[in-house]
Amino acid sequence: MKITGTFLDEISHDIPHQNWGREEWDRDFGYMKAIGIDTVILIRSGYRRFITYPSAYLQKQFGCYEPPVDLVKMYLELADKHGMQFYFGLYDSGHYWDTGNMQDEIDANRYVIDEVWRQYGHYKSFRGWYLSMEISRRTKGAVEAFSTLGNQCKAVSNGLPTFISPWIDGKKAVMAASAGLTKADAVSVQEHEKEWSEIFEGVRGAVDAIAFQDGHIDYHELPEFFAVNKKMADKFGMQCWTNAESFDRDMPIKFLPIKFEKLRLKLEAARMAGYDKAITFEFSHFMSPQSAYLQAGHLFNRYQEYIAGLK
Amino acid sequence: MKITGTFLDEISHDIPHQNWGREEWDRDFGYMKAIGIDTVILIRSGYRRFITYPSAYLQKQFGCYEPPVDLVKMYLELADKHGMQFYFGLYDSGHYWDTGNMQDEIDANRYVIDEVWRQYGHYKSFRGWYLSMEISRRTKGAVEAFSTLGNQCKAVSNGLPTFISPWIDGKKAVMAASAGLTKADAVSVQEHEKEWSEIFEGVRGAVDAIAFQDGHIDYHELPEFFAVNKKMADKFGMQCWTNAESFDRDMPIKFLPIKFEKLRLKLEAARMAGYDKAITFEFSHFMSPQSAYLQAGHLFNRYQEYIAGLK
Amino acid sequence: MKITGTFLDEISHDIPHQNWGREEWDRDFGYMKAIGIDTVILIRSGYRRFITYPSAYLQKQFGCYEPPVDLVKMYLELADKHGMQFYFGLYDSGHYWDTGNMQDEIDANRYVIDEVWRQYGHYKSFRGWYLSMEISRRTKGAVEAFSTLGNQCKAVSNGLPTFISPWIDGKKAVMAASAGLTKADAVSVQEHEKEWSEIFEGVRGAVDAIAFQDGHIDYHELPEFFAVNKKMADKFGMQCWTNAESFDRDMPIKFLPIKFEKLRLKLEAARMAGYDKAITFEFSHFMSPQSAYLQAGHLFNRYQEYIAGLK
């Protein structure tokens, strides 16, 4: 299964920045293209006070800092240049994580969606929306938020597609800023199916694809969970993507590039389950030949050998 | 605001060593010079049993290991060569951190100051002293230690300047060897002003400049805290420097180079507050083109673009 | 004291993979050779479901994944090519760590030893066995396991040598996936001698060399512990090796290359104690000029200067 999309991890949450300028990003889009990536997804347009484009609204309402560069503009120009599709990731105010109240996220993004479409909707490469809230089964209010925002995204943009990328509440679902690597109370595949069926039902029509993060369960659990995900996606009329994490969740350093063998296991599981598309989090830190993590360049080589063997 | 000084993080406390030899250090001083750094500060001349120069006294009294290289000599020679000022950082026995008793630090350094000035005081680049104890508001005995040692430094060296670099007890003031990134009981700006006014008062005359570390408070808190720091420095007749941390405190990996946007926010806040000088912790790991952390080279480039824009 | 052996850390437990292919490994064996390494030791042939060679048995009995490459074959071929000795590390099912029962480890490896000798015993470079369980003083059942497996290894292979590499239960003996760096209840040198004398006695005849990991005690404790280790090895007729860890246990990032000065202290202590051989964990991440950790290349240079000075 080939990876055809990648997140762009600006603004980052837990991955240190590489401090790239336009030149490095331009080159990186070229590297992506070389292994068949045709879709880039801005992971979020802002997180708390850091934002990717100079939104007058977010600066005023949320005290966001004026960004030194308009990353949205830059990414769209580069996507145009390299013939790629760009998905815009919504804003995350952080208020939900602090207060448990999803309303601020909805309110902020209702404005952001309009603002962004007005300013950037004319770019040829603007081809979809990423509802950026990363949720799992117990995220209160997520269904309403996804439904409201997904519908608005589609309404302003003549129906451009939307997708979400939640996590499976498996044994590796621990906080990045914790020392441990696993937890005891992992979800069973039965609970997963029951709870997510309700969520799928609730967001039907507003969300076109679901790309579960693939890193929170053990490798031998992949086939069972992936089969259920595909079954649910089919039932509720959505595309089933995999978000193949290219970083390693099994190591005390959080996080460096994944061992190729693990990535292969995950991609093979997605292929076996008949998934529609594979995207990754994310190319530029963990798979790029110019990544600051040199393991990434070797992963790029191993992955290239792998896809050459698929033909 | 331009960075004109950097710490030299040997002996390191929590940043892995790069294992550079003289050739790499020589080249690095050249890189520093290229972006306007004229001051290098040895972060400490020793920490527990590891020391930077072959001190007979420290080897005998504290069981320190014979260092493989005389780093003090090397740094002074390179500072002479590159036309830079060198500040010598005092010895940290670690006893204070173990026992809460500052007397050992005072006793050890009273000897070290004499020894070092005798051995290295003739170098042209030996231009100041760094009182290396990193303290915050609740460090018992710090006022007396700084006062005693600062006065001695100045007395032996014909009044060469001294400075300290404490931390603000903000929400990010957590141990490096802990998993978390923030704590709940952060200091308020009012408490900060009250407590530090007392400390400033106590070290007056013995300390010429104070360079608060800028990484323990949130970015939007910078203006308020920086204004208070400048007000206190002015009141007590000290220079107000900023210690602009070039590593990122917001990430689970402790620590990699900072996102340029964050460094810029901090430097801009120091400029707005009318600070006298900016130094960084530290160039060689986090901003150098030859750093083992390749993000550092990109930060160097972004920073160069920034200071070019200041002109 | 020169390092003449290194582990090959595949399958890794807590060090992120570099994703090297055959070309990189071939080059790395060359780098090893250049500094006098003549012995490579596969750290383990498998850990839980990840394995290094396509063992039909392990895939069937333990649900192991089919490995993308036969690493055992590749390492043996490269060891043949470069004129090095290869030690094979046994399989670790992980069951002991989960259940405290050593029997599964014994049962699995009794089969693995036969299988591996049958498939790979004809390689010229196959010169020994590494009993890969990393134990310390309180590892229940370890004596019987080492004794049983060591004897079997020797029996099938016409007496090829075996070794173990336990850790000293010192103050730095903490879990990799914990935030802290030290613990309070470290072993005393007297307890160490008493407890390990019993273990040595129990494995006598089945284990030819013991290579204690050198990183769990403080640097000034090295001489005392090393003297005891050598005394015990002599008493029970074993070779005394040191496993010189080339990564730094004193830093919050777990783990990057060690400061050269620390490695030197450890090697000097082994030399003073009259140790027979030094191996390292491990060259390819922490000392190689092509490591993803660029500090490793500088450590390689510092180490080269050091051994040049020994002549």
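Trainee: How much area do chain A and chain B bury between them?

Mentor: About 2200 Å², 63% of it on carbon and sulfur atoms. Buried area is the accessible area (1.4 Å probe) that two parts lose on being put together, summed over both. In chain A, Asn19(A), Phe50(A) and Tyr65(A) lose the most area to chain B, together 29% of what that side buries. This is a predicted model, in which local features need pLDDT of at least 70, side-chain atom pairs count only at pLDDT 80 or more, and totals for chains, interfaces and linings use all residues. Residues are numbered from 1 along each chain as its sequence is written, chains are lettered from A and ligands numbered from 1 in the order in which they are written, and side-chain values use heavy atoms, with hydrogens and water left out.

Trainee: How many residues does the contact take from chain A and from chain B?

Mentor: Chain A gives 31 residues and chain B gives 24 residues. Contact means heavy atoms within 4.5 Å.

Trainee: Why is the pair Arg302(B) and Glu24(A) called a salt bridge?

Mentor: The term requires a side-chain nitrogen of Lys or Arg within 4 Å of a carboxyl oxygen of Asp or Glu. The closest N and O atoms of Arg302(B) and Glu24(A) are 3.9 Å apart, so the pair meets the definition. The count between chain A and chain B is one salt bridge.

Trainee: What makes up the side of chain A that touches chain B?

Mentor: That side divides into 17 nonpolar, eight polar and six charged residues. Ala, Val, Leu, Ile, Met, Phe, Trp, Tyr, Cys and Pro count as nonpolar, Asp, Glu, Lys and Arg as charged, and the others, Gly among them, as polar.

Trainee: Why is the relation of chain C to chain A that of a three-fold axis?

Mentor: Chain C can be laid on chain A by a turn of 120 degrees and a shift of 0.0 Å along the axis, with an RMSD of 0.0 Å. That is the relation of a three-fold axis. The copies are superposed by least squares on the C-alpha atoms of residues with pLDDT of at least 70 in both. In chain C, the C-alpha nearest the axis belongs to Ala179(C), 3.0 Å from it.

Trainee: Why do the copies, chain A and chain B, meet through different surfaces?

Mentor: Only 13% of the interface residues of chain A are also interface residues in chain B, so the copies meet through different surfaces.
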